[in-house]
Amino acid sequence: MEVKSRAPGKIILSGEHAVVHGSTAVASSIDLYTYVSLRFSTPSDDQDSLKLQLKETALEFSWPITRIRASFPQLSSTPTSCSVENAKAIAALVQDLNIPEANFGLASGVSAFLWLYSSIQGFKPATVLVTSELPLGSGLGSSASFCVALAAALLAYTDSVSFHVNHQGWLSFGEKDLELVNQWAFEGEKIIHGKPSGIDNTVSAYGNIISFKLGSLTHMKSSVPLKMLITNTKVGRNTKALVAGVGERMLRHPDIMAFVFSAVDSLSNELTSILKSPTPDELSVTEKEQKIEELMEMNEGLLQSMGVSHATIQTVLQTTLKYKLASKLTGAGGGGCVLTLLPTLLSGTVVDKVVAELESCGFQCFIAGIGGGGVEINFGVSS
Ligand SMILES: Nc1ncnc2c1ncn2[C@@H]1O[C@H](COP(=O)(O)OP(=O)(O)OP(=O)(O)O)[C@@H](O)[C@H]1O
Ligand SMILES: C[C@@](O)(CCO)CC(=O)[O-]
Ligand SMILES: [Mg+2]
């Protein structure tokens, strides 16, 4: 019995960090995925353990099922936050792995895996293989797509799950089941991020472009092509620490930060109406692109005032500005990835020049497809 799932990464077009404090944010899925293959052991495998293989790092972790069973005496089968007691049990299971220091960031992902696996599937021996096309810890939602793909593969075998056929053997979940995948993924994100808003797992689960505010969600198709250059500064950072840093700044300057978050809310609402308004209407695509560029610049300024920029992000901004292109960081910032809008009428020569200049600084540039579908599963492929 084997199932494979895939869940997309994301870019945040406006509103990261402020969304954690109740502002609206706009995000889109991208066509880079995390894949999870889940295979339950059969009696002939003679395997009484749970194995997790992480392909990119060539790491493999394994726990005897008896050890996992003893660690979690009582688990709820509905989406539940990991209690302090269970978090301690997970920490002990992860500590025993002796994860190499260079890969220690993976400990939170492995913890989320243990929580989701044990809660959803209980104590069955299995092998889980994870591969990802996303750079980890770079602002493209690697943690959320990992949690969504994991929750999807784990829920695919539960009774009464319904699917729609998509393409080439890939299936998508029915509405109710998709929300269950999303809720479990959010519990995994809490283990990795501490205080996530839920936007990353929601856009990874549902796909498309979403306008998100705690408790409310609008799905949309953009009326503007939205071609974005993504520049990875390759500076590693950690979303949990950056989110905590903004929270601390808010405690130090509550009045100022309330204005900053409110400005971001207005900005995201304006972006939502630009993206939603049909073209052609009174605004042409070029006029819409100019408005989006201005909003990106303003959002970047507000992100700087939250303290989540980085010297490398400033270098990307200054470089793209030389070519009159607008950029903003995406995701948690502190390094990671920067978005640059490539207007429809921009010549290929300019794109080549700006990419060459950014790459000469040691950054990596690419263009990803925006706004595709969300999580899918496939029962017919072997990894
Ligand atoms: N494929 C994966 N395998 C194992 N762990 C993963 C994987 N992808 C992400 N993770 C976990 O998520 C962590 C990175 O999450 P983090 O939220 O800091 O960055 P991100 O999700 O890439 O960026 P952002 O949250 O800004 O979009 C990794 O250090 C690891 O613990
Ligand atoms: C920084 C943040 O706003 C987005 C990370 O992609 C965190 C969150 O919303 O959970
Ligand atoms: Mg993340």
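Which residue in β9 is the bridge partner of I209? The tour returns to that pair at its third stop. The model on screen is predicted.

**Whole chain**

Start with the protein chain in cartoon view. Its secondary structure amounts to 11 helices and 14 strands. Along the principal axes, the C-alpha atoms occupy a box of roughly 65 × 50 × 40 Å. The radius of gyration is 21 Å, which agrees with the value near 21 Å for a compact globule, because the chain has 383 residues.

**The two domains**

Next, colour residues 2-218 and 371-378 as domain 1, and residues 222-367 as domain 2. The C-alpha centres of domain 1 and domain 2 are 27 Å apart. Where they meet, 31 residues of domain 1 are in contact with 35 residues of domain 2. On the domain 1 side of this boundary, select β1 (2-14), β2 (25-40), α5 and β8, the elements that each give two or more residues to it. The largest share, four residues, is that of β1. By residue class, the domain 1 side splits into 11 nonpolar, 18 polar and two charged.

**The β8-β9 hairpin**

Now select residues 209-213, strand β8, together with residues 216-220, strand β9; the two strands pair in the antiparallel sense over five bridges. The partner asked for at the outset is M220, which bridges to I209. Two residues separate β8 from β9 in this hairpin, and in the turn G215 has a positive phi of about 90°.

**Ligand 1**

Move to ligand 1 and display the 25 residues around it; G109, S142, S143, T239 and G331 come nearest. Four elements supply at least two residues each to this shell: α3 (106-121), β5 (126-132), α4 (142-155) and α5 (175-193). Of the shell around ligand 1, α4 provides the largest share, four residues. With the shell coloured by residue class, there are nine nonpolar residues, 15 polar and one charged.

**Ligand 2**

Centre on ligand 2 next. It has 15 residues around it, and the nearest are E16, P196, S197, G331 and A332. The elements giving two or more residues to this shell are α6 (199-206) and α7 (239-252). The class count for the shell around ligand 2 is seven nonpolar, six polar and two charged. Why does ligand 2 lie between domain 1 and domain 2? Ligand 2 is placed there because both domains give residues to its shell.

**Annotated spans**

An unreviewed entry places the feature "domain: GHMP kinase N-terminal" at residues 121-207. Select that span: the chain there is 48% helix and 18% strand, and the end C-alpha atoms are 25 Å apart. For residues 292-342, UniProt gives the feature "domain: GHMP kinase C-terminal", also from an unreviewed entry. The span 292-342 is 53% helix and 16% strand, with its end C-alpha atoms 11 Å apart.

Technical notes. Residues numbered from 1 in each chain as written. Chains lettered and ligands numbered in written order. Predicted model: local features only at pLDDT ≥ 70, side-chain atom pairs only at ≥ 80, totals over all residues. Near = placed C-beta within 6 Å. Nonpolar A, V, L, I, M, F, W, Y, C, P; charged D, E, K, R; others polar. Pairing = 2+ DSSP bridges. UniProt positions renumbered as here; feature names shortened; annotations may be inferred. Domains from an automatic or database assignment. Contact = placed C-beta atoms within 7 Å. Rg over C-alpha atoms; globule rule 2.2 N^0.38 Å.
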